[in-house]
Amino acid sequence: VEGEAVFVSQLKLISQGMVNYLDISDSVQKCEEYLTKLLIQLEELEGRFSDFDEFLNQLNDKREEIYNAFESKKVYLLDQKNKRISRLQTSADRVLKGVENRLKSIETPEGINGYLASDLMVDKLRNIVDELLELGDTVKADDILARLKVLGEEAGRQLRDKTELISDEGSITFGRHSFFVNQQSLDLSIVPRGGEM
C-alpha cells in the first residue's frame, strides 16, 4: 500500500513536470532536453518498482504520453519557426525590390556606397538577416546578403556604363567613335514611290 502511494505520487510529479516543461519549451532543443529528463525520471521510477507488474503498464502508458506530447510540441515549434522564416523572406524580397529601385536613381558611385552603408531599408535587411541567423536558416540569410551585394555591384556597373558611354551632348561613345542619338518621337510619313503614294 505504501509503495503504491509512493508510485502514484511520483507519477503525478512526473505529469506535473511534463506540463511545466511543455510550457517553458520554446525551442526544439529544449523539447529534446526536457523529454530526456522526464524519460530518465521514468526509468528511475521503473527501476524502483520493477517488482510490481501492474505499475509497468502505467509507466509504459506515461512514457508514450510524454513522448507524444513533446513530439506535438516540436512539430508546433517547427511550424511556427518555418512560418516566421517565410514572413522574413517575403519582407526581405519587398525591401530588396525597393532598394533596387532606389539604386537606379542614384547618379554617383559615392551616392551608391553611401546609400548601401547608411539607409534604413538596407539596415532593415541586415536585421532580417540577423533574425534568420538566430532562427538557424543560414542559407536564406546568405542569399539575402548575396542579393544585396549583387544589387550594389550592378548599380555601380550600370552607372559606370552610363557615364562612360553617354556624353554630355547626348551622344553614345564607343572608343573614339561618337554616335548622336535622335530622341524625337517617330511620326508616320507618306512619300511618292513608283507613281503611288
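Trainee: Which strand does Phe 174 lie in?
Mentor: Phe 174 lies in strand β1, residues 171–174, where strands (E, at least two residues) and helices (H or I, at least four) are DSSP runs numbered from the N terminus. Please keep in mind that this is a predicted model, in which local features need pLDDT of at least 70, side-chain atom pairs count only at pLDDT 80 or more, and totals for chains, interfaces and linings use all residues. Residues are numbered from 1 along each chain as its sequence is written, and side-chain values use heavy atoms, with hydrogens and water left out.

Trainee: And is Phe 174 buried, partly exposed or exposed?
Mentor: Phe 174 counts as partly exposed because its relative accessibility is 48%; buried means under 20% relative accessible area, exposed over 50%, and partly exposed in between, with a 1.4 Å probe and protein chains only.

Trainee: Switching to α6, which residues are buried there?
Mentor: The buried residues of α6 are Ala 141, Ile 144, Leu 148, Leu 151, Gly 152, Ala 155 and Leu 159, and what covers them includes α3 (53–104), α4 (109–118) and α5 (120–135).

Trainee: What about the whole chain, how many helices and strands are there?
Mentor: There are six helices and two strands, running α-α-α-α-α-α-β-β from the N terminus. The radius of gyration, taken over C-alpha atoms, is 34 Å, well over the 16 Å that the globule rule (2.2 Å times the number of residues to the power 0.38) gives for 197 residues, so the chain is more spread out than a compact globule.

Trainee: What box do the C-alpha atoms fill?
Mentor: Along the principal axes, the box is roughly 120 × 50 × 25 Å.

Definitions and conventions: Contact means heavy atoms within 4.5 Å.
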